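Okay, everyone, thanks for coming. Let me put the model up and we'll walk through it together.

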Amino acid sequence: MDGFRIPLGEWAETVIDFLGDAPGGLFDAIATILAAVYEGLDSVLSTPPFWVIVLVFAALRGGEPGLRPVSPPLRDKVGGMSEQPDPSATLVRLRGSIDNIDAALIHMLAERFKATQQVGVLKAEHGMPPSDPAREEQQIARLRRLAAEADLDPEFAEKWFNFVVAEVIRHHTAAAEGA
Ligand SMILES: O=C(O)C(=O)C[C@]1(C(=O)O)C=C[C@@H](O)C=C1
């Protein structure tokens, strides 16, 4: 063991010599890369994607009945009333699912408004108009398509979108007036 020594001091000297010889731009480049890595990590950690929110709720509920899929008991109805479990228990179970979904929707809406709030600041700072009808048209077309695929009424999806966007535009307008 005595014969072996990690030459830490020499390594550090080499690095310091290298940095000393390096052109000034190198430090800027390192700072830029570190800042980009930091910002990337910060945005990943502060904006959980959709599936993280869903997983958090799944974990919070554990194996409780609230997480059981809604459809199988409804399918049982075809077999006749005698196969139905206790209606009060069914109601409690379905309400458990409804409560989970409502909570997830609130969290997702909060994340959406955090993002649009930043868009509002950006638009206000650069004199961009609060609303962008062309963008909204694209969003509505996409959401209507997704709704149809998911068995949700596309009219309802569009109404929901317009309701949310009206609130976003109200926030954008207030931000522009305050800027
Ligand atoms: O994308 C934008 O430009 C936004 O301001 C966001 C948003 C939205 O909430 O989706 C809101 C208003 C615009 O008219 C279009 C879209």
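So, which residues are around the ligand? They are Thr 116, Val 119, Ser 131, Asp 132, Arg 135, Glu 136, Gln 139, Val 165, Val 168, Ile 169 and His 172, going by C-beta atoms, placed from the backbone, within 6 Å of the ligand. Quick caveat: this is a predicted model, where local features need pLDDT of at least 70, side-chain atom pairs count only at pLDDT 80 or more, and totals for chains, interfaces and linings use all residues. Numbering starts from 1 along each chain as its sequence is written.

Who supplies that shell? H5, H6 (133–149) and H7 each bring at least two residues, and H7 gives the most, with 4. Helices here are DSSP runs of H or I, at least four residues, numbered from the N terminus.

Now look at H5 (residues 87–125) against H7 (residues 154–178): their axes, lines fitted to C-alpha atoms over the stretch in contact, come within 9 Å and cross at roughly 40°. On the H5 side the contact includes Thr 116 and Gly 120, and on the H7 side Val 168 and His 172; contact means C-beta atoms, placed from the backbone, within 7 Å. Thr 116, Val 168 and His 172 are also among the residues around the ligand.

Zooming out, the chain has 7 helices and 0 strands. And 66% of contacts between residues at least 6 apart in sequence join residues at least 24 apart.

How values were computed:
Axes fitted to C-alpha atoms, helices over the stretch in contact; angles between N-to-C directions. Contact = placed C-beta atoms within 7 Å.
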